[in-house]
Amino acid sequence: MEKKDRRPFLVSEAAAENILGKKLSEARKDKKIRQNAFVKLLEEYGISMSSSSYSCWETGARTPNAYQFLALCRALDIQDVMGYFLEEHGNVDGMEQLNPEGQALAQQYIRLLVRSGEYQREPDPDTEILDLDLYLQSASAGCGQFLDDDSRETISLPRSVVPAGTEFVVRISGDSMEPAFYDHQLAFVKRTVDLRPGDLGIFLLDGDGYIKKYEEEMPEEAEMEEYLYSSGDVQKKPVLLSLNPKYDPIRVTQNNEFQIIGKVLNRNGLDFNG
């Protein structure tokens with residue numbers, strides 16, 4: 001049998017491009033399987049792991065061993081393993097009419113177009129799945145809970161329900177942000193340390209995490225000197241407001257440890273029980 005010439009496979013190049021992880025993610029999303037659900041499916045193939053551990057395979061932080069890789073291909077119904085992961089049997093019209101040198105040149109040009117980012121196919125927001133970090137500790141819409149930066153898991157959601165700019169997700173606890181956010185719903189957050197009055201935000205106040213509406217007010221006359229800048233301008237005091245009128249405003253003073261974590265991008269909570 002005649003041996004076909006193939007484009008050299010460089011392990012370092014493939015790892016740098018995260019070919020394996022990207023292709024796994026693409027195959028899973030093409031089947032419209034959320035990451036958490038896929039992790040449960042893998043248990044049927046003898047692979048027991050957390051969603052965060054599996055996420056490392058798709059991001060390229062870790063790689064599966066040979067037997068795990070075979071199980072992944074079976075779970076994702078990848079028949080042409082070499083063709084799918086190395087693109088040696090691409091489905092480009094006319095490719096089969098090219099000699100090995102021509103096929104290598106065509107694949108090289110395809111990779112250049114993909115890397116340029118100018119010719120990407122527009123994703124379908126109703127079918128594309130995004131993987132996001134979800135804090136396991138809730139942001140309180142009441143008395144406050146601690147947001148542990150290391151306590152997270154990955155959730156998979158349709159792009160159509162995720163606001164643009166979202167960097168992570170928190171689950172709401174309590175009723176002080178009703179009727180916009182109810183207990184156990186999700187809030188989508190973009191990291192920032194600056195908010196404008198009227199913005200909804202996630203805050204750390206004396207070690208507790210809150211979701212509140214951000215406002216500012218002038219300090220009282222008796223404490224004015226504590227809020228004066230060297231320029232003579234007055235620093236306004238942060239006020240955290242609930243949407244539920246039964247809760248009083250939380251006025252932040254210089255005695256509090258206060259930090260703005262991010263801006264909440266959705267104006268109403270999302271139900272999610274995954």
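In the predicted model, Ile129 has Pro158 of strand S3 as its bridge partner. This bridge belongs to the pairing of strand S1, which covers residues 129-135, with S3, the two strands running in the antiparallel sense over seven bridges. Strand S3, spanning residues 152-158, is largely enclosed by the rest of the structure, because five of its seven residues are buried. In a regular strand, side chains alternate between the two faces of the sheet.

The secondary structure of the protein chain comprises seven helices and ten strands. Of its 274 residues, 38% count as buried, and the chain exposes about 16700 Å², of which carbon and sulfur atoms supply 48%. When contacts between residues at least 6 apart in sequence are considered, 62% of them join residues that are at least 24 apart.

The largest nonpolar core consists of 19 residues, and those that touch the most other members are Phe38, Leu42, Tyr54, Leu72, Ile78 and Phe85. Two or more residues are given to this core by each of helix H2 (19-30), helix H3 (35-42), helix H4 (51-59), helix H5 (66-75) and helix H6 (81-86), with H5 providing the largest share, five residues. Ile78 is in contact with Ala27, Cys73, Tyr84 and Phe85, when residues up to four places away in sequence are left out of account.

Leu86 lies in helix H6 and, because its relative accessibility of 18% falls under the 20% limit, counts as buried. The C-alpha atom of Leu86 is separated by 9.6 Å from that of Lys23, although the two residues are 63 residues apart along the chain. Lys23 also takes part in an arrangement with an aromatic residue, its charged end sitting over the ring of Tyr84 at 4.7 Å from the ring centre. Tyr84 is, in turn, one of the residues touched by Ile78. An arrangement of this kind is also found for Lys212, whose charged end sits over the ring of Tyr247, 5.7 Å from its centre.

Aromatic side chains form six pairs in the structure. In one of these, the rings of Phe203 and Phe258 have centres 5.8 Å apart and planes at 20 degrees, so the pair is stacked.

Most residues other than glycine have a negative phi, and most peptide bonds are trans. Asn18, which is not a glycine, has a positive phi of about 55 degrees; Asn18 is found in the loop between helix H1 (11-17) and H2 and, with a relative accessibility of 14%, counts as buried. Lys32, likewise not a glycine, has a positive phi of about 60 degrees and lies in the loop between H2 and H3. In contrast to the buried Asn18, Lys32 is exposed, with a relative accessible area of 52%.

A cis peptide bond, with omega at about 15 degrees, joins Glu178 and Pro179, and Pro179 is placed in the loop between strand S4 (168-173) and strand S5 (186-191). Glu178 is also touched by Asn244, whose other contacts include Asp175 and Ser176, again leaving out residues up to four places away in sequence. Asn244 itself is found in the loop between strand S8 (237-241) and strand S9 (250-251) and is buried, with a relative accessible area of 12%.

Notes. Residues are numbered from 1 along each chain as its sequence is written. This is a predicted model: local features need pLDDT of at least 70, side-chain atom pairs count only at pLDDT 80 or more; totals for chains, interfaces and linings use all residues. Side-chain values use heavy atoms; hydrogens and water are left out. A nonpolar core is a set of buried Ala, Val, Leu, Ile, Met, Phe, Trp, Tyr and Cys residues joined through side-chain atoms within 4.5 Å. Buried means under 20% relative accessible area, exposed over 50%, partly exposed in between (1.4 Å probe, protein chains only). Helices (H or I, at least four residues) and strands (E, at least two) are DSSP runs, numbered from the N terminus. Contact means heavy atoms within 4.5 Å. Two strands pair if DSSP finds at least two bridges between them. Accessible areas come from the Shrake-Rupley method with a 1.4 Å probe; for residues, only the protein chains shown count as cover. Rings of Phe, Tyr and Trp (its six-membered ring) pair if their centres lie within 6.5 Å; planes under 30 degrees apart count as stacked, over 60 as edge-to-face and the rest as tilted. A charge sits over a ring if NZ of Lys or CZ of Arg is within 6 Å of the ring centre and within 35 degrees of the ring normal.
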